[in-house]
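The tour goes stop by stop, with something to select at each one.

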Amino acid sequence: MKVIVCRNAEEAADLAAREILAALAAKPDLVLGLATGSTPIGVYSRLIRAHRERGADFSRVRTFNLDEYLDLGPGHPKSYRAFMRRHLFDGLNVPEDRIHFPPAEGSGLADRCARFEDEILDAGGIDIQLLGIGSNGHIGFNEPTSSLRSRTRVLTLTAKTLEDNSRFYSPGEFQPQMAVTMGIGTILDARRIILQAFGAKKADAIRAATEGPVSSFCPGSALQIHPRALFLLDPEAGARLSMREHHLRARENEETLRREGRL
Ligand code: GLP
């Protein structure tokens, strides 16, 4: 696990976008795991800019989104499919049939969740999984007490998550109580993971995820057992880390080695 406390959210988005674009240059049929929420928007705008201004080609990329609200159809403006169209897919050239979401409508959901997992395997597995984190430590929609080896499934959102997300709904508007999410086990199968977190509201979750015990009570802590998990934080999200100074020093040391061409 590597933790970088960046100067600000812009720098974190620059670093994440740079990693993705370098991976794309090395592997044009890159398989990306994607997240929603306000956190990854900066990365998405940078990928769109790279596509428009520098010709970054996403035509062979496959994408798998982490999660979706149960029963919000793809046309619903608050569905994650609509979010991804607005913030990423409308600006890139990923062919429609290479974009995947977990099943969130209709019946046979358990079987279709298993099929979603098979689709990830058929694509060769996820190369880079982008993540945010909930203020209660959730990743995707894996709420506290989700099994550390869970797979894609339907679940009920906690009161905390409903409250955090209620800002997107007007009073009296239908707010989904259930969702479908990749499991923690699904996420851990990705070759690389980049988790971004911004703002003081995330400081406790980040401390629990990186310095607390590995525990299903903080799903983000599962990343501690992943060989290539990168946390990109702004100073507010990293403010409560007891290892903060160490992470800053480690970054400087690595930059020196990189400048010397040794890393
Ligand atoms: C939702 C999503 C998560 C996301 C979280 C944080 O619950 N399912 O994937 O990480 O929100 O959202 P934000 O980035 O807006 O803080």
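Is Ser221 buried or exposed? Select Ser221 and look around it: with a relative accessible area of 0%, Ser221 is buried. Keep in mind throughout that this is a predicted model.

**Stop 1: around Ser221**

Ser221 sits in the loop that runs between H7 and S10. Show its neighbours next. Leaving out residues up to four places away in sequence, Ser221 touches Ala208, Ala209, Pro213, Val214 and Ser215.

**Stop 2: helix H7**

Now select residues 203-211, which make up helix H7. Which residues of H7 are buried? They are Ala203, Ala205, Ile206, Ala209 and Thr210. Turn the view until you look down the axis of H7: these buried residues fall within an arc of 160°, so they line one face of the helix. Ala209 belongs to this buried set and is also one of the residues that Ser221 touches.

What covers the buried residues of H7? The cover includes strand S1 (2-5), strand S9 (192-197) and strand S10 (229-233).

**Stop 3**

For a closer look, select strand S6 (residues 128-131) together with S9. The two run parallel and are joined by four bridges. Pick Gln129 and look across to S9: the residue opposite is Ile193.

**Stop 4: the three-stranded sheet**

Move to the other sheet in this tour, an open one of three strands in the order S4-S8-S7. Here the pairing is antiparallel. Strand S4 (67-69) and strand S7 (153-156) are the edge strands, and each of them pairs on one side only. Direction ignored, neighbouring strands of this sheet are turned by 25° against each other on average.

Select S4 and strand S8 (residues 178-181): three bridges join them, and they run antiparallel. Which residue in S8 is the bridge partner of Asp67? Pick Thr181 to find it.

**Stop 5**

Select helix H1 (residues 9-26) and helix H2 (residues 41-54). They pack at an angle of about 50°, and their axes are 8 Å apart. H1 and H2 are therefore oblique to each other, and H1 passes H2 in a right-handed crossing. Show side chains to see the contact: H1 contributes Glu10, Ala13, Asp14, Ala16, Ala17, Ile20 and Leu21, while H2 contributes Gly42, Val43, Arg46, Leu47, Ala50 and Arg54.

On H2 the contact is made by Ile41, Tyr44 and Ile48; on H3 it is made by Phe83, Met84 and His87.

**Stop 5: Thr36**

Where is Thr36? Look in the loop between strand S2 (31-34) and H2. Thr36 has a relative accessible area of 12% and is buried, since the limit for buried is under 20%. Not counting residues up to four places away in sequence, Thr36 touches Asn65, Asp67, Tyr80, Phe83 and Met84. Among them, Phe83 and Met84 also take part in the contact of H3 with H2, and Asp67 is the bridge partner of Thr181. For a distance check, pick the C-alpha atoms of Thr36 and Leu47: they are eleven residues apart along the chain and separated by 15 Å.

**Stop 6: two backbone angles**

Most residues other than glycine have a negative phi. Select Asp71, in the loop between S4 and H3: its phi is positive, about 70°, although Asp71 is not a glycine. Then select Thr145, in the loop between S6 and S7. Thr145 is not a glycine either, and has a positive phi of about 80°. Is Thr145 buried or exposed? With a relative accessible area of 59%, Thr145 is exposed.

Key: Residues numbered from 1 in each chain as written. Heavy atoms only, no water. Buried < 20%, exposed > 50% of the residue type's maximum accessible area, 1.4 Å probe, protein only. Arc of directions from axis to C-beta. Contact = heavy atoms within 4.5 Å. Pairing = 2+ DSSP bridges. Axes fitted to C-alpha atoms, helices over the stretch in contact; angles between N-to-C directions. Parallel < 35°, antiparallel > 145°, perpendicular 65-115°, else oblique. Left-handed = near helix turned anticlockwise from the far one by under 90°.
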